[in-house]
Amino acid sequence: YSYVDQTVATREAITAALCGTGETFTTTEELEAKLINYVKVKDSTRICLDYASDYSFVEDSARFLLQTSVVDKIEDQLINGTGSSNEMFSLSTQSTEFDDTLAALPLTDSIDSANMADLALGMAAQIEVKGLLNSYLPNVMLVNKGDFFKQIESAKDANGNYLDPRVTKVGGSTYIGNLLVVASPKVAVDSMFVFDSTKGSILDRMQTTLAMSTENGTNFVDGFGTLLTVSKLQFLVRGADSGAFMKCTGVAAAIANILKPAV
């Protein structure tokens with residue numbers, strides 16, 4: 001897949017006197033044609049054709065097994081892929097690390113009773129200030145399921161009341177502020193991502209295929225069939241949009257850093 005990326009941009013608009021002359025303008029950009037290859041995700045299994053002929057559920061079960069296996073692998077690759085060898089680029093490789101001292105919006109020692117929701121919304125705010133003219137609008141929080149349940153969903157005060165009114169349910173989906181919460185066991189414990197999902201693309205080279213053949217090893221004479229499923233895809237974030245993705249690989253430490261000290 002080929003695409004054009006903005007590798008360097010300098011914005012230097014000026015204010016000028018009426019009828020002024022001799023102004024110098026230095027706004028420039030550099031564009032570069034780039035290439036990105038897709039990654040193949042595949043799995044296979046064997047089934048006995050006698051059983052498949054006698055019982056219709058045998059082949060259906062094997063197909064479902066492979067489909068869920070590939071989907072599980074794709075989810076892991078989209079979150080944790082290293083971008084090297086045969087692995088996909090991912091949220092882990094394309095996101096910048098949260099920095100509570102970020103000059104554009106420092107958060108160190110600034111949040112009363114800071115918790116995971118404050119950290120997520122703080123990350124979203126930092127992403128917004130990185131984008132010019134509201135070009136970054138973070139809309140997703142991706143978090144470890146166990147962390148989210150323990151630190152936000154089940155958190156209560158001394159009277160048993162849930163603590164955070166910013167957590168809402170809309171049509172079965174959970175939101176914190178404007179962030180759609182996606183909880184996944186593929187996200188490492190004590191980690192999370194906040195990002196603008198419109199700034200990334202899943203490049204799907206082809207629809208996932210699933211086929212069966214007896215032409216594999218001694219399958220034909222043994223009476224077996226090999227099921228093979230294949231998906232070809234890649235995750236693309238243009239360099240110009242890299243600021244729209246942020247990760248925090250130490251949630252507990254980050255919360256401690258943004259917590260306002262007791263007076």
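Reader: Is Cys19 buried or exposed?

Author: Cys19 counts as exposed, at 81% relative accessibility. Exposed means over 50% relative accessible area, buried means under 20%, and partly exposed lies in between (1.4 Å probe, protein chains only). Please note that this is a predicted model, in which local features need pLDDT of at least 70, side-chain atom pairs count only at pLDDT 80 or more, and totals for chains, interfaces and linings use all residues. Residues are numbered from 1 along each chain as its sequence is written, and side-chain values use heavy atoms, with hydrogens and water left out.

Reader: And Cys248, buried or exposed?

Author: Cys248 is buried, with a relative accessible area of 2%.

Reader: How many disulfides does the structure hold?

Author: The structure holds 0 disulfides, a disulfide being a pair of cysteine sulfur atoms within 2.5 Å.

Reader: Let us turn to the sheet. What is the order of the open sheet of 3 strands?

Author: The order is S3-S11-S10, with antiparallel pairing. Strands (E, at least two residues) and helices (H or I, at least four) are DSSP runs, numbered from the N terminus. Two strands pair if DSSP finds at least two bridges between them.

Reader: Which strands stand at the edges?

Author: Strand S3 (39–48) and strand S10 (201–213) do; each has a single partner strand, so one side of each is left without a neighbour in the sheet. From one strand to the next, the twist averages 10°. Axes are lines fitted to C-alpha atoms, for helices over the stretch in contact, and angles run from 0 to 180 degrees between N-to-C directions.

Reader: Over how many bridges do S3 and S11 pair?

Author: S3 and strand S11 (residues 224–236) pair over 10 bridges in the antiparallel sense. Gly225 in S11 is the bridge partner of Ile47.

Reader: Which helix lies across S3, S10 and S11?

Author: Helix H2 (residues 56–80) lies across these strands and runs at about 155° to S3. Contact here means heavy atoms within 4.5 Å.

Reader: How many residues has H2, and what is its reach?

Author: H2 has 25 residues and spans 37 Å from its first C-alpha to its last, close to the 36 Å expected at 1.5 Å a residue. The expected span is 1.5 Å times one less than the number of residues.

Reader: Which residues of H2 are buried?

Author: They are Val58, Ala62, Leu66, Val70, Ile74, Gln77, Leu78 and Ile79. An α-helix has 3.6 residues a turn, so residues three or four places apart point the same way.

Reader: A change of topic: how many salt bridges are there?

Author: The structure holds 7 salt bridges, each a side-chain nitrogen of Lys or Arg within 4 Å of a carboxyl oxygen of Asp or Glu. One of them joins the side chains of Lys186 and Asp72 (3.0 Å, N to O). That pair links distant parts of the chain, 114 residues apart: Lys186 is in the loop between strand S8 (179–184) and strand S9 (192–195), and Asp72 is in helix H2.

Reader: What about Asp112 and Lys260?

Author: Their side chains meet in a salt bridge (3.8 Å, N to O). Asp112 lies in the loop between strand S4 (96–97) and helix H4 (116–130) and Lys260 in the segment after helix H7 (251–258), so the pair ties together parts that are 148 residues apart in sequence. Asp112 is exposed at 53%, whereas Lys260 is partly exposed at 37%.
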